[in-house]
Amino acid sequence: MKNSCWTMEKIEKIIKINRRKPEKEKIEAAAQIIKKGGIVVFPTETVYGIGASAFNERAIKRLYKIKGRPLDNPSIIHIARKKDIYDIADISKKDKEIIEKLVKKFWPGPLTLVVKNKKIPAAATAGLDTVAVRMPANKIALELIKRSGPIAAPSANISGKPSGTSIEMLKELAEKVDLIINGGESKIGLESTVFDIRTKKILRPGKISPEQLSKILKEKVTKIKKILKKPRSPGMKYKHYSPDAKVIVLFGSKNKIEKFIEKMINKKFRIGAILLKKIKIKDEKVNIKFVKNLDDYAKNLFKFFRKFDEMKCDVIICEGVKEKGIGHAIMDRFKKASEKLIKLK
């Protein structure tokens, strides 16, 4: 935008909707935009999505252009009813048994299932024979999808940058899309877990952990290790979630983290830090954001990345976590965004 001072009041195409009791007339207006080939940014429980009709190739191509998203990076199709997966996916009897177990436990919610495609156009699936599908746990999103039909929606951000989890993080999209729905801050803050039904592998970690999936399926579920030439899920091939500042992830004691930050201060870097351990460094070159637990870490990670970029930080130091529960997802985002992972000795 020409004016760097971006406020909600200056953008008429932003509408605020009550996420507990969504105003149906506002939702209907947004749905009509999608039906007519428009692009709408909307909230989900994970992050905000930027969406187009899942069956409108022209609209999907425009969406990709707005994001600067590579055409071989598939989108997730958002549906509003559990049964809708059978309309857009070609599901075998064997796969149906797995799907029924997972859908019963986790939908609506932050779990995306990769299944065989039936009729979603190639523009949304990167030309693959599979399609990624999920049912978000957000009243605004569900009501919108019910009225518009399935929506192809990657995260609301410019490709490669941290995903938007609040209206304040969407300013780079304001002049490019047809409507933005302000539905408050995202509850989870990281994108959904993506699970491939056919290989029984996690393609992208999220809130739903390998441990949770293993318990439901009664067999060990693990994350995919190799890089696929043709990724079946967002977040698999390209650099993602990256702020402008250099990200360094540290593993170590409180004292060792303090000493590392002190060395960075001596090098005259402007530093942002996201930490679980309560260190006591006070310096004008350092801005520290403390998080209470892993859920709090996940919810605020992208917000803090953006905040530190606004502050023109040179380096963002993040405390590494164990890959357990949502820790899998946090470390996945770090590995894709960071320059270094350092174990302090």
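Which residues have the most contacts inside the largest nonpolar core? In this predicted model, they are Ile85, Leu102, Leu113 and Phe195, and the core that holds them has 65 residues. Leu102 illustrates such packing: leaving out residues up to four places away in sequence, Leu102 touches Trp107, Leu111, Leu113, Phe195, Ile197, Leu213, Ile216 and Leu217. In soluble globular proteins, nonpolar side chains tend to be buried together.

Phe334 also takes part in an aromatic pair, and the structure holds 1 such pair. Its partner is Tyr297, and the arrangement is edge-to-face, with 5.8 Å from centre to centre and 65° between the planes. Tyr297 belongs to helix 9 (residues 294–310) and Phe334 to helix 10 (residues 327–337), so the pair ties together parts that are 37 residues apart in sequence. Both Tyr297 and Phe334 are buried.

Helix 10 also contains Asp332. The relative accessible area of Asp332 is 11%, and this residue is therefore buried, since buried means under 20%. The side chain of Asp332 makes a polar contact of 2.9 Å with the side chain of Arg333. Apart from neighbours within four places in sequence, Asp332 is in contact with Arg204, Pro205 and Tyr241.

Methods. Residues are numbered from 1 along each chain as its sequence is written. This is a predicted model: local features need pLDDT of at least 70, side-chain atom pairs count only at pLDDT 80 or more; totals for chains, interfaces and linings use all residues. Side-chain values use heavy atoms; hydrogens and water are left out. A nonpolar core is a set of buried Ala, Val, Leu, Ile, Met, Phe, Trp, Tyr and Cys residues joined through side-chain atoms within 4.5 Å. Buried means under 20% relative accessible area, exposed over 50%, partly exposed in between (1.4 Å probe, protein chains only). Contact means heavy atoms within 4.5 Å. Rings of Phe, Tyr and Trp (its six-membered ring) pair if their centres lie within 6.5 Å; planes under 30 degrees apart count as stacked, over 60 as edge-to-face and the rest as tilted. Helices (H or I, at least four residues) and strands (E, at least two) are DSSP runs, numbered from the N terminus. A polar contact is a pair of N or O atoms within 3.5 Å; within protein, one must be able to donate a hydrogen and the other to accept it, and residues adjacent in sequence count only if both atoms are side-chain atoms.
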